[in-house]
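Subject: Structure handover

Hello,

Here is the structure I said I would pass on. My notes on it follow.

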Amino acid sequence: MSTVTTDAHYTSAEGAHAHTAGFLKTYVFSLDHKIIGLQFLFSTLIWFIVGGMLALGIRWQLAFPWRSMPLLGEWLASPEGGQIAPENYTMLVTMHASIMIFFVIIPVLAGAFGNFLIPLMIGADDMAFPVLNMLSYWFMWPAFLFMGSSFFVEGGAAQGGWTSYPPLSVLQDAAPGSLNGQTLWLLGLTLVGISSMLGSVNYMTTIIQMRAPGMTMFRLPMTIWSMFITAILQAFALPVLTAAGLMQLGDRVLGTGFFLPAGATAGNAMVASGGGQPLLWQHLFWFYSHPAVYIMILPAMGMVSDIISCFARKPLFGYKPMVYSISGIAGLGFIVWGHHMFVSGMNAALGMTFMVSTMMIALPSAIKTFNWLGTIWGGKIQYTTPMLFALSFVSMFIIGGLSGIFMAATPVDIFIHDTYFIVAHFHYVLFCGTAMAVFGAIYYWFPKMFGRMMNDSWGKVHFAATFILMNCVFYPMHILGMKGFPRRLADPYHYETFSNLLELNQFMSYCAFLLVGLQIVFFVNFFWSMFFGPRAGRNPWHSNGLEWQAPSPPGHGNFDFQPVIYRGPYEYGSPEVEEDYYPQTQPPPVVQ
Amino acid sequence: MNRFWSLLFLLVPIGGVATFVVAPYYNIWLPRDVSEQGHKIDSLFMFILWLTGIVFIGTQLVFVYFSWKYEAGTNKQPVKYSHGSHSLEVVWTILPAVTLLFIAIYQMDAWAEAKMRTPGLLPIVEVTGRQFNWDFRYPGPDGELYTRDDIVRTDGNLYLPVDEQVLLRITSADVLHSFFLPNMRLKQDVVPGMDQSMWFKAKQEGQFDIVCAELCGWGHYKMKGRVHFVTRADFDAQLETFRQEQNKVLADPPVVR
Amino acid sequence: MKLKQMMVSGMKSMLQRTGMNRYFIVVPYIVGMGLFLLLTGCEQSQPPEFRLNMVQMVSLETAPAYQQEIADVLGALFGTPDEPFAMPETGLDQSQLKLAAGPAWSGEEGSVYGLYRKHCVHCHGVTGDGRGPTARFLNPYPRDYRAGTYKFKSTYNATKPTDKDLYAVLYHGVPGTAMPSFALLPSSEIETLVEYVKYLSMRGQMETELINYVAEELGEEDGERIPFDPVSDQEQRGVIQEILAEIASDWGASAENVIQAEEAQLPQENRTAEEIAASVELGRALFYGNKANCLKCHGPTALGDGQRDDQDIWNKSNKKFQDDTALLLERVNENQGTSDLDAAGRERLATDVKVLAVRETVAARLYPVRNAIPRNLRKGIYRGGRRPLDIYRRVHAGIPGTPMPGSGPASLGAKGTLTDVEIWNVVDYVLSLPYEGPSQPQRALPVNAQNIAN
């Protein structure tokens, strides 16, 4: 090991970069990307619990329809018999999805890990625009308040589905949650958009401008590449959603008629205007939300690539093809949104073109999967907790990716559209995929965040429980979907076709209760290790990445030396050095 | 101990395949197909299922094998210091690309049949989704919709002739709904302000569920209907009964309980 | 003993080998037990209860002691939502009620318990007061059964609907409202629900009558409260039996009150287009004439754009309660503002403040008042059914509870505003309205296109 990486040469991080700032400046309105990243992380973990609880409500209703629900029942169900009222069920599905997507997955990937890792991994001392960065976090808070408070306004939170399709979401009398909850939901969404926008501008600038000497684009870790592509996707797609959201707000509050056709009514309610087109919203919404699907998976793929390469002690297989394939996703991602609308009434000829482009976007994912398999081939796999989560990502992503082909095939999609097959697909990608990658990333970078290690044995317990249970919850959804079981149905069993599915749903629900309950293992481990875990050195995993050359946790300004980069981040098992890793900052041996 | 994890990963292909093998015995499979065109969608589904199934088993087994073989404690070989292989990359780019493109082109005909080649028929019924019911309007004896002799039913029972190509006009009165006939393999969102059609030919008599498949508000789960496929003669008789019922001017004699 | 030691030592060595400590067993155990309790133990929530008609009670200033006594009497007469009970006098089928009441459970196939709670409660509420959790957001509001007034029926305005009428509403739903069709339920289940709806109606009517009785007959006498205790008071028991008999006979007589159209004046089958057109013309004349005066509410264009500032009886009673509360508030504010109140005035102010506090809590729970909107006859959506017979009944008997008056005789043998022939003419005209061409000259154009929607 070269002298550059030994601790002895540096004064402590605090000593070198100590700033005498107040508590508020240091921990609340901090401009430091690491603190902001952790703020994002803690916020998203809290919302993760809320979203999980909402999911339990859904599972309760599906397993025990119209039975009074314990604990949350009285509040959700009102005193009328203690059962979940049907509009509360639609609220549960809407808010579970909204919270998990907008408050958990997107901010935990881009906000928490993007913020924390980008400057560390490219060798910068902070983001390009620290104030913008702070604002991107604090713009989340009004969004939190809007969506959180919407649960307590009259009529409850939004009930139009997370896709918020008009006219349901626009007509005030069409759904109880459309009273005020939907308006608050739209405001929240717009603010999340602003936050992401500020973040993405910052990420792009930082990655392009602030790389350390020697850190060429093709020496960036996959995490950074994926964050970069994500930022581009966000920057180009988000304005569309923001505009669409404002238009829907206008329809609801100002009486404009962008999405309302003439003559639609709900009961005695009057429609103030007309002349709009409901499908317009779907086009605008999915023009953002399809790229958003990649926003929700690409950073996870990047982080998984880093973790797998590190614990397989082997260079990443096909680094450049990986980079090209995610860049390809960035391009193709903009021309596939129509595959969410195959049966929406959109021109059927368009369906064909979208089918072809959608099939093509499966290609980069396939390439990446093969490359991950190539990476563990011939390696020396260390089964640490982060590695287990990363490997399970690969295994689960194969399922989630393959089930996507069914939906891309338009005739098949006619049948499975809006059934549990879709629910199975996106849970395999988002929960079994992204959430597992995020868990892995937390276990992996925890030492860098807090300077302490998380408990590995507990981590493995957490992994095994989560891995088995989540498959028990989500895998049967595939066959439910094959039966035609539609999503968002409060009581599907009164249909003859679906009356035999109750028992399977009860099994899935029991597993879901256990799955959510056992996450407590993770939370206890997380908070216990924050204070009492064994101290980690700079580089506990013997990893090559630049971030591991900084102190743990890094002080203000990150590096206590000027990092100079000599190679890519995946030089594990290089014949040039004795150790099986070769940090990016280690100068090559002098040729004799 | 560490190899235990690769056994855990082995559960995925085993359980995954087992679920699909066992499911038909519990009647959790594609619902009975009673339409003429449904078998095309079914066979496409099964085609993709087999294809993805083979890829699924293959990749999972390779994954499990690698994770078993290259565990750090047991793999005594030095690490393969490889940054990738150009030819492999080309192979696993071209192969899936061709396959996927093939699937896409292979599907186009069925799609066109289901959604594009509208038969030149007059609609046999207009289906209107509203919160939270399916309403049906049959043209009366004059065969034309929106005239005085239309027969309107709000009880959720739709009657259609069997063994006959029928064209349905479907629309919505308020919000989005989706007219889903699982046994016909057909689904179409209904959008207020848009007229849409659906056409099919039923092959068997019987009663089947009509499901709403697009979130339409709190009563979404209540939007249940039933389609009855009957012979043409029964259909005409049923419509005549409906017509007489609808033109009723005299109440039935009261039944005193 | 030996086995136990072996197990303990084996466990210990296993823990040591795998680097785990005893928390690995204790913590999952606690978590598991917690989950088990969560799923099984905490399910006992309070059984739902029938709500009292507080609007009426507070309006009539029923004392809390009486409120409790009325609730007790009602409980003795009708049971609870989980354990309904019907006196034999009501003519209700006890076994049907049992099927309809109680918690819903769509568990094993064939189980049909708790039908009302499965299908109806989230709109109509446990009490049948139209105040289920979803009700607030429906337009129009769901029916409050407690008045025993039903809109779409075959009988004279002031009488009760027949079972068949209620069955028809469940079977066809009410198009244009949130009431769906339940035609796909087995007919036995629909009948069960009809029985339960009647039960809730009778219970509600009984409650209304009891509150009135208590307010009129009981109270303080010589500083002592007369308890409402029919168990020990023979006279009160007699009164209750009388009320019950009256309610039961009203419902029992519904079949006799079905409106029978005069057969001689029925429109003939197979009328020619000219004959229908002639009838339509006559109907149009009546529609716009002073005799039937339909245009007053349904508007000069029949778009339902006439008088729209009236309410149905359910909204009206709420509005009256709210208006009275507002008046009381005004009086209290006025009196509190004046300093020179005499002793009597001060006492009255004190009671006013107390009453106001009670009224305001009740008023706060009421839904916003909504006006009765006359039907847009050009949409071709008829809530009570689209058969000529249905329209005939609407015109003949009016729609009970709403501003729509009946034009036929109010009861058997009475004389109505319109003759049967004239009613049939109006029916023909109404049924022709949706198909009237848009270019056909109309008497007036809609003033504001925004109001056309309904």
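**Contacts between chains**

Across one interface, 84 residues of chain B are in contact with 99 residues of chain A, where contact is defined as C-beta atoms, placed from the backbone, within 7 Å. Before the rest, the conventions: this is a predicted model, in which local features need pLDDT of at least 70 and side-chain atom pairs count only at pLDDT 80 or more, while totals for chains, interfaces and linings use all residues. Residues are numbered from 1 along each chain as its sequence is written, and chains are lettered from A and ligands numbered from 1 in the order in which they are written.

On the side of chain B that touches chain A, at least two residues each come from α1 (3–22), α2 (38–69), α3 (86–116), β6 (177–181), β7 (186–190) and β9 (206–212) of chain B. Helices (H or I, at least four residues) and strands (E, at least two) are DSSP runs, numbered from the N terminus. The largest share of that side, 16 residues, belongs to α3(B). Its residues divide into 49 nonpolar, 23 polar and 12 charged; here Ala, Val, Leu, Ile, Met, Phe, Trp, Tyr, Cys and Pro count as nonpolar, Asp, Glu, Lys and Arg as charged, and the others, Gly among them, as polar.

Chain C also touches chain B: 24 residues of chain C are in contact with 26 residues of chain B. Both α8 (163–172) and α15 (388–397) of chain C supply at least two residues of this side, and the largest share, 3 residues, is from α8(C). By class, the side has 14 nonpolar, 6 polar and 4 charged residues.

**Chain A: a helix pair**

Helix α3 (residues 33–63) of chain A and helix α6 (residues 130–138) of chain A have axes that come within 10 Å and cross at roughly 10°. Axes are lines fitted to C-alpha atoms, for helices over the stretch in contact, and angles run from 0 to 180 degrees between N-to-C directions. The crossing makes α3(A) roughly parallel to α6(A) (angles under 35 degrees). The contact involves A:His33, A:Ile36, A:Gln39 and A:Phe40 from α3(A), and A:Asn133, A:Met134 and A:Tyr137 from α6(A). By class, that is 4 nonpolar, 3 polar and no charged residues.

**Chain B: a sheet**

Chain B has an open sheet of 5 strands in the order β3-β2-β1-β5-β8, with mixed pairing; strands pair if DSSP finds at least two bridges between them. At the edges stand β3 (151–153) and β8 (196–201) of chain B, each with a single partner strand, so one side of each is left without a neighbour in the sheet. The twist averages 25° from one strand to the next.

Strand β5 (residues 165–172) of chain B runs antiparallel to β8(B) and is joined to it by 6 bridges. B:Arg169 stands opposite B:Ser197 in β8(B). Helix α4 (residues 232–246) of chain B lies across β2 (133–138) and β3 of chain B, at about 90° to β3(B).

**Chain C**

Chain C has 16 helices and 2 strands. Of its 454 residues, 41% are buried, meaning that 20 or more other C-beta atoms lie within 10 Å of the residue's own.

In α13(C), the buried residues are C:Trp314, C:Asn315, C:Asn318, C:Phe321 and C:Thr325. They pack against α3 (54–59) and α14 (343–365) of chain C.

Regards

Note on methods:
Angles under 35 degrees count as roughly parallel, over 145 as roughly antiparallel, 65 to 115 as roughly perpendicular and the rest as oblique. Two residues are in contact if their C-beta atoms, placed from the backbone, lie within 7 Å. A residue is buried if 20 or more other C-beta atoms lie within 10 Å of its own, exposed if 12 or fewer, and partly exposed in between; C-beta atoms are placed from the backbone.
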